[in-house]
Amino acid sequence: MFEGGAYGVGVTVDCLEPMPWPEIPPPPGVEVHPARLGELMPVAARTQAERAAELERVIRTEGALAAYKAELVAAMARASTDVDDRASGDVGAASPAWAPDPGDGLLPGTSEFFPDELAVVLRCSRAAATTLAEVSVTLVERLATTWAALADGGLDWPRARALALELGWPARESEPAVVADVAASLLPDAMRLSVTQLRNAARRELMARDAAAADRRRRQAERAADVTVHALNDGMAELRAVMPAPLAVAVRNSVDAYARMAKEDGAPVSLGQLRVGVLADLTLRPWDTARPSVTASLVVVAPVEALRQPATAPEVTLPGAVPARAPVAEVNGLPITAAHVRELLRQLDALCPGGLQAPRAGSFTVAVTEPVSGSLLAVATPTELRRIADRGCADHRGEGCGCSVLDRPPSVDRYRPAPAQYRFVRTRDRTCRHPGCDNSAAWADLDHVVPHAQGGDTDCANLCCLCRRHHRLKTHARGWRFVMAPDGTLSVTTPSGITRITTPPGLSPPAAPAEEQSRVVGADDPPPF
């Protein structure tokens, strides 16, 4: 059992206790894991009614754990104060154009970087961590009765979260007593309503008690307008636009009308595909040459050992994709010789007989990697490769030597990295290297992991891509620790002592220690998190 609570409200969770069912021996060849509840309390031996009763008990226990989690998150938020946050206009402060509106959120007095820390601890996105922090603070500090119902099993987490979302940030300007009354009036029937019905009821009750709430919600919702992309399967993605309802209807109707016109003209694809094409054309306007073009980068990834095998073609990948590597013998640290470069050029010509070309207004680079680890060895353009192939080794003209003619950019004796270092590090990292952040390296800063002012070299082994927010976090937020290995593996430790490790996208993860490998019980075991 464990007990806890906010405002003196007690939480008691009874551990699930095994019932006296007869012991059932495991099937031959099946290893028993005593820590699994299904083996302590065999599910197969229970009746359907008993299974349903157990599920209800699980839901109550999940609610108590969710209440405990909310209390932990709220306490962490309040302990992470904003005393070290940079004020607007100070060096290191967020740009006013990108900073949130004053008063947004329910975390006044909490560090602007607390959601980043929580995201690292929980292995989730910063947006999810921000929502959880605001929901937790709302439940613990503004909806104590709702929190108690969750902790005592009278309310499940989805419904408690729904009430916090409706009566938290959107109702932050309403009187606390009004918000508490709304929650109290809804609790008796909350479990009989669906989550959507409960949110609608909370909204109606709040507006009935606070006439100005509707206008405030509308203004807050308009500020949350945005366009985002969400990855799907099979190379597809969802483009999501949040906007005022009349504008959304007008946009959809316009796209649909143009798509139906194309369909009537005999277009052979589905109406849905036509809508997508119309939306893309109206947004990208390929016929409008007066506007700046959108650039793209093409990267060819070639393991250096593959250049000894003429039948193997390098793989073409776009930034953010992880290239597959065929298993080859481990030849770590191979130099990139003139022969390698000439073979790479031959393979590029074979891959595209007309010659691979850079996208319009974009770039085309070749990344040479180690075959097993995937560590990036060098980056060059086809023009640079041809120049190296023609020149060969400067010390052994005309000889088939094994000298290296292509390597990572050398260190420079200044603060600002050289252009070659920008290209190498951005090709290696592809995104911001802070755990969980996927902002493109094209928009990121090159940060000295060991600060230049503290003796850190301007060298690729001491540079990594960080988006501006996480660059500010590393530089100005107290208690964070960043350490990078020569291969680009980055270790990030939060002020609360949690460490997460990120590797460049093409780099193979380090092998597990032998003692950990000996504990692996089978390919079907779930990940340990």
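Residues are numbered from 1 along each chain as its sequence is written, and side-chain values use heavy atoms, with hydrogens and water left out. Because the model is predicted, local features require pLDDT of at least 70 and side-chain atom pairs count only at pLDDT 80 or more, whereas totals for chains, interfaces and linings use all residues.

The chain contains 16 helices and 13 strands; helices (H or I, at least four residues) and strands (E, at least two) are DSSP runs, numbered from the N terminus. Of the 529 residues in the chain, 36% are buried. Burial is assigned by relative accessible area: buried means under 20%, exposed over 50%, and partly exposed in between (1.4 Å probe, protein chains only). Among the contacts in the chain with a separation of 6 or more, 62% are accounted for by residues 24 or more positions apart, contact being defined as heavy atoms within 4.5 Å.

Helix 7 (residues 176–186) and helix 8 (residues 195–209) form a crossing pair, with axes that come within 10 Å and cross at roughly 135°. Helix 7 is therefore oblique to helix 8. Axes are lines fitted to C-alpha atoms, for helices over the stretch in contact, and angles run from 0 to 180 degrees between N-to-C directions. Angles under 35 degrees count as roughly parallel, over 145 as roughly antiparallel, 65 to 115 as roughly perpendicular and the rest as oblique. The crossing of helix 7 with helix 8 is right-handed; a crossing is right-handed if the near helix is turned clockwise from the far one by less than a right angle, and left-handed if anticlockwise. On the helix 7 side, the contact involves Val 178, Asp 181, Val 182, Ser 185 and Leu 186, which meet Leu 198, Ala 201, Ala 202, Glu 205, Leu 206 and Arg 209 in helix 8. By class, this contact comprises seven nonpolar, one polar and three charged residues. In this classification, Ala, Val, Leu, Ile, Met, Phe, Trp, Tyr, Cys and Pro count as nonpolar, Asp, Glu, Lys and Arg as charged, and the others, Gly among them, as polar.

The structure holds 24 salt bridges, each defined as a side-chain nitrogen of Lys or Arg within 4 Å of a carboxyl oxygen of Asp or Glu. One of them joins the side chains of Glu 205 and Arg 209, at 2.4 Å from N to O. Glu 205 and Arg 209 are separated by about one helical turn, because they are four residues apart in helix 8. Glu 205 is partly exposed, at a relative accessible area of 28%, and Arg 209 is likewise partly exposed, at 39%.

In helix 9 (residues 213–223), Asp 215 and Arg 218 lie three residues apart, and so are separated by about one helical turn. Their side chains meet in a salt bridge with an N to O distance of 2.6 Å. Asp 215 is partly exposed at 35% relative accessibility, as is Arg 218 at 42%. Asp 215 and Arg 218 also belong to a network of salt bridges that links them with Arg 219 and Glu 222.

Arg 260 is partly exposed, with 41% relative accessibility, whereas Asp 256 is buried, at 11%.

Helix 3 (residues 114–122) is mostly covered, with seven of its nine residues buried. The buried residues are Phe 114, Pro 115, Asp 116, Glu 117, Leu 118, Ala 119 and Val 120. These residues pack against helix 2 (48–79), helix 4 (126–142), helix 15 (468–476) and strand 13 (499–502).

Most residues other than glycine have a negative phi. Arg 123, which follows helix 3, has a positive phi near 55°. This residue is found in the loop between helix 3 and helix 4 and is exposed, with 56% relative accessibility. A positive phi also occurs at Arg 430, near 70°. Arg 430 is located in the loop between helix 14 (419–429) and strand 9 (445–448) and is buried, with a relative accessible area of 12%.
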